[in-house]
Amino acid sequence: MGSYVPNTPAEQQEMLKECGYSGFDDLYLDIPESVRLKEPLAIPEAKAELTVRRIMEDMADKNVIYRHIFRGAGAYNHYIPAIVDTIANKEEFRTAYTPYQAEISQGVLQTIFEYQTDICELTGMEASNASVYDGAVAAAEACEMCRDRKRSTILVSETVDPKILSVVKTYSFGRDVKVLTVPEKDGVTDLEALKELLTADVSCLLLQHPNYFGNLEPVEEAVEAVHAAGAKVIESCNPVSLALLKTPGEYGVDIAVGEGQPLGMPLSFGGPYLGFMAAGQKMMRKLPGRIVGQTVDSEGNRTYVLTLQAREQHIRREKASSNICSNEALCALRAAAYLAAMGPEGFKEAAVQCTSKAHYLQAKLAEAGVVPAYPEKEFFHEFVTVCKDEKKVLEALAAEGILGGLPLGDERILWCATEMNTKEEMDRVAAICKEVTGA
Amino acid sequence: MKLVFERSRAGRGTQYLPKCDVPERLPKAPRREKTMHLPELPETEVDRHYTELAKQTHGVNDGFYPLGSCTMKYNPQINEEMAALPGFTRIHPLQDAQTTKGCLELEETLEKYLCEITGMDAVSLQPAAGAHGEFTGLLLIKAYHREKGDLKRTKIIVPDSAHGTNPASAAMAGFDVVSIASDDKGCVDLEALKAAVGEDTAGLMLTNPNTVGLFDPNILEITKIVHEAGGLCYYDGANLNAVMGIARPGDMGFDVVHVNLHKTFSTPHGGGGPGSGPSGCKAFLAKYLPGKDSPESIGNVRSFGGNFLVAVKALAYILSIGREGVPAAAENAVLNANYMKEKLKDIFPLAYDRTCMHEFVICLEELKHQTGVSALDVAKAMLDHGIHPPTMYFPLIVHEALMVEPTETETKETLDEAIRIFRDIYDEAIQHPETMHEKPIHTPVRRPDEVLAARNPVIRYDFEA
């Protein structure tokens, strides 16, 4: 059975004896008798590998794998070159601990340094950390970076993914910080409402671009208004869109965050994913989590180490910038390997295909009676439609093995197209919709 | 080692996508103007680059890894294969529940087993790491006192031997941290605890076995003192590996726990993550758990359900070792630690000389005083022997500390070999102390200049330079 204890019972007895113990019970004398388990745990008995495989495969088989996916809303279906898995499965990377011992960890340290560089290049920012748990946590941690004695209130646009808002609120419950939402108008942040909310106690605005509905936000105007009021801007962005769109750095935002899952992470029912965070030089020392820096060794060779550790919990304890210890290093490695494989041209091509296909799909759906909710708005690779048969549309698609967009209620559906979706597939989606709506 | 950017040559690359089959149509919006420098490499070069980097990384299969408090046990291969099943990797987190029955069954099964192993009534798999689980658990405690209108309970008591994440998590959850000194046995000082508790106590955070590798024999008294003062007891599951299947935090009086799937339940550490830190609690707190459908929930601590693929691996592990394997792993972890401790303690003084749990702490203060050789020097010397050093300078209450955790998955021969190396290093430290400051010698790089790294931070490649 699957035991990973190598010593035989005879060897164990010999070792016990050598240490002066007569049995395992002697090792546990510090545990009060009343809390020692008297009965075996109520979990199944050990199983052979083949049996475990059968059980797990049975579970996997109970899920529906959609070959055609038009749903995003925070988790995106992209092509992952085979080499990304090959690299991430290298046992040295997969099984190593956090690289505290630099001399035998140059490989993993360098991958993180390269990842940090990639994130700075994508976002146009100056300093990236080594990752946090996911995009929503990145946003919540960024809000905390902006807080000071005078300013603590967080503004979050209503066009931000509600899952991110939920996490920001949870983190704010911890710090006892007020979170206010900025109303949405025509699918983007209402700038007039924003200006009214910018009081002297506001620390930051969290904005998402492209936003939850796929629409492009008036980032420039928002940054101007927020900075004029003395607060900071956090832009949550989709990394693929950054191959095309004006970067957070170019907009002059203070912190760029986002969900790195589109950079080579499979959908995986929600995780593990990758929260990326990048800031300007000024806020570098407020970043949470690990940061890898370049230095030299005692012989002058270029060397990488974990650095700026005075921010971190193992040094600063309750005064640390965050409690984060474990991060998502292997996901960061996947992102770096994905970008190295795709290259600047391939990555840009993926972005161009995403947005081109989303526009094609939007037009096709409109012809089929599933009409855009924000026809005047520019978008990247997601958009919202309105259609009174929205439930039937999604059911009809599911019956054909197609995962349609995400129902948002009120007859609305949030669609997503990526390089994975073919013209043929999108034509079929439109045809099925047309049959349902009778358009 | 060249950086991936230094291997890059303009125009090189592999095309992975077919031509776009719809007309190009880009949003009418401001574009990026700055060049996006990404590596331009053929796949062969990408592959070689990472193969070379992997060779300069020390994984669990590269050698003994007795890194205290990190539980670097073997990561079984079957777990990886199960986590790569398309029936798991290709499932969108926002699919309808009827199409994700397998994922939900897997999560429920793992939650149930974790409840049984910890003695809790409910578990949320949402927290993505141990510290994330701590933060979550502390918010449960906060929500509980808030709902009772008990607003004066603002303090969390943390022993001075605790992991840094404990006080950091307490601060993030909005609590003031009260640090209490440990007694001369490395355990909670009952008198100090009694003096610290009061009407402002929200709870106590405790790792048990604690960070010096000892099971606190007064555990029932400790949780009772906190409960009688109106506080709750939080169990940091970092060291659960020593006692799983032997004793349960739920039976010791703890109300909230987190467990580290990446320590106790064999999932790999990935060079820093992803981990998974499920939060568990007693029934009266279950309604506050994150990621659950409850109006009193503290909310979400991450976007989706949790690091699902890590949960797949942990379940495969529990199914494999089963109810007999869980305590057997704990017993061998404790045996391996005691075996090493006994074979070393004549020359490597123990911080606390008694039966340890899964790890023990050496105190090299005397060696440092006599020879100038520090715990760091001893640790660095191990690198030349293919051993990942023990955790250094932790816990903070022991000077010149080395914390050794062999784990249960190492053979007696590996331990004997490591013991021989530890002893050889000690001999060298006594005979040639001056050579010790130069080690390691045979590693890809020598000791790094950490001061330079922090004083002049270079944290990205400079394409202009």
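Tutor: In this predicted model, A:Ile154 has A:Cys204 of β7(A) as its bridge partner. The two strands concerned are β3 (residues 153-157) and β7 (residues 202-209) of chain A, which pair in the parallel sense over 4 bridges. Both belong to an open sheet of 7 strands in chain A, whose order is β2-β10-β9-β8-β7-β3-β4 and whose pairing is mixed. The edges of this sheet are formed by β2 (127-128) and β4 (179-182) of chain A, each of which pairs on one side only.

Helix α5 (residues 106-123) of chain A lies across β2, β9 (255-259) and β10 (275-279) of chain A, and runs at about 70 degrees to β10(A). Helix α7 (residues 162-175) of chain A also packs on the sheet, where it touches β3, β4, β7 and β8 (232-237) of chain A. The direction of α7(A) makes about 170 degrees with that of β3(A).

The contact takes 173 residues from chain A and 170 residues from chain B. On the side of chain A that touches chain B, helix α12 (residues 329-367) of chain A gives the most, with 23 residues. By class, that side of chain A comprises 88 nonpolar, 46 polar and 39 charged residues.

Methods:
Residues numbered from 1 in each chain as written. Chains lettered and ligands numbered in written order. Predicted model: local features only at pLDDT ≥ 70, side-chain atom pairs only at ≥ 80, totals over all residues. Pairing = 2+ DSSP bridges. Contact = placed C-beta atoms within 7 Å. Axes fitted to C-alpha atoms, helices over the stretch in contact; angles between N-to-C directions. Nonpolar A, V, L, I, M, F, W, Y, C, P; charged D, E, K, R; others polar.
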